[in-house]
Amino acid sequence: MKKVVVTGIGILTSVGKTKEENFNNFLKGKSGVSRIGKFDPSEYPSQIAAEIKDFDPTERLSPKEVKRNDLFTLYALYITEEALSDAGWDKGIPYKEEEIGVIISSGIGGIITLEEEIRKLVKKGPKWVSPFLVPLMIPDIASGVISIKYKFKGPNFCVVSACASSAHALGEAMRFIQRGEVKAMVVGGTEAPITPIALAGFGNMKALSTRNDEPEKASRPFDKERDGFVIGEGGAILILEEKESAIKRGAEIYAELIGYGATADAFHITAPCTDGEGAFRAMKMACDDAGINPESIDYINSHGTATPRGDIAETLAIKRLMGEKAYKIPVNSTKSIVGHLLGGAGALESAVTVLSIYNKKVHPTINLENPDPECDLDYVREGPREIEINYALSNSFGFGGHNASLLFKKFEG
């Protein structure tokens with residue numbers, strides 16, 4: 001079976017427009033959460049989000065691309081430019097067209113376009129609805145557009161599994177390379193969900209934090225006073241390559257992707273099973289897939305949404321997986337800084353995990369001021385920490401009981 005490495009990374013969030021800016025701000029614990037500015041949120045239970053400010057897609061994309069795509073696709077195109085350049089592909093694509101696949105995930109796709117066109121339908125009638133509604137809206141269109149732009153003719157589709165979407169995408173992309181079906185995959189996820197309908201839907205189901213007076217302190221994973229997640233936008237794209245081919249072409253390699261676990265809770269449409277059984281099995285499966293003992297893990301980037309049930313269930317799952325070692329390794333939550341990117345979260349947190357391995361540093365879980373007694377692991381409260389990481393897990397869990405865990409390894413040549 002072929003081995004898989006990460007050779008390029010692109011990131012866009014509320015705290016940065018490049019991977020370097022993002023990772024530096026993650027290490028600083030700089031919150032990207034503020035009062036919503038895209039529309040007036042006054043009537044909503046939650047009035048805060050991790051918005052990307054001053055986004056100018058024309059910095060990397062053509063006016064034609066900007067005009068013809070929903071914001072979530074623009075994010076994907078924008079981040080892909082950075083990822084390809086980071087991998088050195090801007091100097092020339094190193095593989096045949098049919099040897100490169102694309103899997104870009106999104107939990108809800110072009111919801112901005114859908115909402116706008118529904119307004120037209122209600123106010124003006126059906127003839128005013130754009131004929132481009134469907135291709136702008138469907139979650140798989142980002143994969144299609146990127147494939148068309150760069151002429152990548154390998155496997156091309158989109159995984160949709162709510163907040164586990166882009167983690168599943170990475171796992172499935174890894175499999176294509178392992179089986180020798182392709183040499184490389186452009187893979188990740190993006191989301192642009194900060195709209196009135198999304199905020200109302202998530203808010204009315206009481207999934208969102210309502211700490212509106214202190215936006216920067218609202219995302220509080222593992223804290224006793226946590227009251228839900230903060231919706232965020234952006235995402236990440238990673239370039240995966242077959243290891244021998246990447247080494248042969250002289251690529252800079254960040255880390256290896258060596259394990260993937262995917263399970264179902266089969267419990268509830270939104271809540272995790274209370275004992276974290278599904279999350280445990282996903283992590284155990286990733287370890288078994290990689291052929292390592294769970295006690296070898298040095299760091300876990302948690303799903304860590306700041307929901308009352310979710311944080312406890314994940315903590316229990318980690319304890320079951322790691323035993324006493326669970327108390328001795330850093331576990332952090334990227335969502336404490338940039339909120340929850342829904343379908344883009346898994347790719348973002350995988351990128352953060354890879355950069356943590358590469359830079360030997362993990363960022364803090366911010367706003368953890370009053371730890372929940374049931375969440376009693378080492379969540380890196382004090383600030384960034386330097387640590388040698390040989391193996392690291394990244395967890396993603398989604399509505400519907402979808403669980404995905406990815407295991408990364410330090411690249412040693």
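This is a predicted model: local features need pLDDT of at least 70, side-chain atom pairs count only at pLDDT 80 or more; totals for chains, interfaces and linings use all residues.
How accessible are the two partners? Glu81 is partly exposed, with a relative accessible area of 26%. Lys149 is also classed as partly exposed, at 31% relative accessibility. The general point is that side chains of opposite charge can pair when their charged atoms come close.

H3 covers residues 71-86 and H6 covers residues 141-150; their axes come within 9 Å and cross at roughly 45 degrees. H3 and H6 are therefore oblique to each other. Their crossing is right-handed. On the H3 side, the contact is made by Phe72, Thr73, Ala76, Leu77, Thr80, Glu81 and Leu84. On the H6 side, the contact residues are Ile141, Ala142, Val145, Ile146, Lys149 and Tyr150. Sorted by class, the residues of this contact are nine nonpolar, two polar and two charged.

Next, H6 in its own right. Is H6 mostly buried or exposed? Eight of its ten residues are buried, so H6 is largely enclosed by the rest of the structure. The buried ones are Ile141, Ala142, Ser143, Gly144, Val145, Ile146, Ser147 and Tyr150. They pack against H3, strand S4 (100-105), helix H5 (133-137) and S5.

Just after H6 comes Lys151, with a positive phi of about 65 degrees. Lys151 is a residue other than glycine, and its place is in the loop between H6 and strand S5, which is 156-157. Lys151 is partly exposed, with a relative accessible area of 45%.

There is another positive phi to show, at Ala266. Phi of Ala266 is near 50 degrees, again in a residue other than glycine. Ala266 sits in the loop between S8 and H10. At 76% relative accessibility, Ala266 counts as exposed.

Back to salt bridges. How many does a search of the whole structure find? The search finds 29. I have picked out a few.

One of them joins Asp289 and Arg175, with the closest N and O atoms 3.1 Å apart. Asp289 is in helix H10 (residues 277-290) and Arg175 in helix H7 (residues 165-178), so to speak of sequence, this pair links distant parts of the chain, 114 residues apart. Asp289 is partly exposed, with a relative accessible area of 31%.

Another is between the side chains of Lys243 and Glu256, at 3.1 Å from N to O. Lys243 lies in helix H9 (residues 243-248) and Glu256 in strand S8 (residues 255-264), 13 residues apart.

Helix H1 (residues 19-28) and helix H13 (residues 345-359) pack at an angle of about 80 degrees, with their axes 11 Å apart. That makes H1 roughly perpendicular to H13. H1 contributes Lys19, Phe23 and Phe26 to the contact, and H13 contributes Leu348, Val352, Leu355, Ser356 and Asn359. By class, this contact has five nonpolar, two polar and one charged residues.

Last, a single residue, Ser394. Ser394 is in strand S13, residues 391-398. Ser394 is buried, with a relative accessible area of 1%. What does Ser394 touch, leaving aside residues up to four places away in sequence? Its contacts are Asn301, Gly346, Glu349, Ser350, Thr353, Ala404, Ser405, Leu406 and Phe408.

Terms used:
Residues are numbered from 1 along each chain as its sequence is written. Side-chain values use heavy atoms; hydrogens and water are left out. Axes are lines fitted to C-alpha atoms, for helices over the stretch in contact, and angles run from 0 to 180 degrees between N-to-C directions. Helices (H or I, at least four residues) and strands (E, at least two) are DSSP runs, numbered from the N terminus. Angles under 35 degrees count as roughly parallel, over 145 as roughly antiparallel, 65 to 115 as roughly perpendicular and the rest as oblique. A crossing is left-handed if the near helix is turned anticlockwise from the far one by less than a right angle, and right-handed if clockwise. Contact means heavy atoms within 4.5 Å. Ala, Val, Leu, Ile, Met, Phe, Trp, Tyr, Cys and Pro count as nonpolar, Asp, Glu, Lys and Arg as charged, and the others, Gly among them, as polar. Buried means under 20% relative accessible area, exposed over 50%, partly exposed in between (1.4 Å probe, protein chains only). A salt bridge is a side-chain nitrogen of Lys or Arg within 4 Å of a carboxyl oxygen of Asp or Glu.
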